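Here's a quick briefing on how side chains pair up in this chain. Have a look at the structure first, then we'll go through the charged contacts and the rings.

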Amino acid sequence: MNRDLLQSLLNQVVKVDRGGPESRVGRVLSAHNDYFALLTDEDGVIFYKLQHVKSITQDSKNEMKIKAEVPKDFKKFESFMDFRAVLNELRHKWIKINRGGPESVEGVLEEVLDDYITIVLNNEVIRVAMFHIRNVSYGKKTEKKPEKQNGEES
């Protein structure tokens, strides 16, 4: 995947990858040199590294919907041109790397180096190779809009 393709999909709802633990449906919020941001109902904002995305699916009938709202602090991430800058901004915050499967890791991001990052979880210090990070989400999930029933908010 490349930046130009993702920029053409800004504000559209897409499905990243066809299936498996990394697959998510969300709205493309921004596209940069080596990553893009996707707003999802399940995980809030996820930053995907472009090199690891296998497919992007557009919904030609506009049936995929997202109820989540963009977090208030997302604006600061829009100016970061590369994935490492995003990780540096997430230092000392609770993050989750690689959404699912055996390589999913979560904890507090302690350090960002050229080759790896360091995450602290309870009494463990986990080092993850930068190359093997497919995506990352941080801290709090986004809040969903209240559903309307009979013209009233619930």
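This is a predicted model. To start with a charged pair, E89 makes a salt bridge with K76, and their closest N and O atoms sit 3.4 Å apart. E89 belongs to helix α2 (residues 83–89) while K76 is in the loop between β5 (56–58) and α2, so this contact ties together parts 13 residues apart in sequence.

**Salt bridges**

- The count comes to six salt bridges.
- In the E89–K76 pair, E89 is partly exposed, at 25% relative accessible area, and K76 is partly exposed as well, at 32%.
- R84 pairs with D114 in a salt bridge, with 2.2 Å between the closest N and O atoms.
- That pair links distant parts of the chain, 30 residues apart: R84 is in helix α2, and D114 is in the loop between β7 (105–112) and β8 (116–121).
- R84 is partly exposed at 31% relative accessible area, whereas D114 is exposed at 60%.
- D43 and R24 also meet through their side chains, in a salt bridge of 2.6 Å, N to O.
- D43 sits in the loop between β3 (35–40) and β4 (44–49) and R24 in strand β2 (residues 24–31), so the bridge ties together parts 19 residues apart in sequence.
- Both D43 and R24 are buried.

**Aromatic pairs**

- Searching the whole structure turns up nine aromatic pairs.
- F47 and F74 have ring centres 6.5 Å apart and planes at 15°; since planes under 30 degrees apart count as stacked, this pair is stacked.
- With F47 in strand β4 and F77 in the loop between β5 and α2, the pair ties together parts 30 residues apart in sequence.
- F47 is buried with a relative accessible area of 1%, and F77 is buried with 1%.

**The ring cluster**

- Which residues do ring pairs link into a cluster? They are Y35, F47, F74, F77, F80, F83 and Y138.

Definitions and conventions
Residues numbered from 1 in each chain as written. Predicted model: local features only at pLDDT ≥ 70, side-chain atom pairs only at ≥ 80, totals over all residues. Heavy atoms only, no water. Salt bridge = Lys/Arg side-chain N within 4 Å of Asp/Glu carboxyl O. Helix = DSSP H or I, 4+ residues; strand = E, 2+ residues; numbered from the N terminus. Buried < 20%, exposed > 50% of the residue type's maximum accessible area, 1.4 Å probe, protein only. Phe/Tyr/Trp six-rings, centres within 6.5 Å; stacked < 30°, edge-to-face > 60°.
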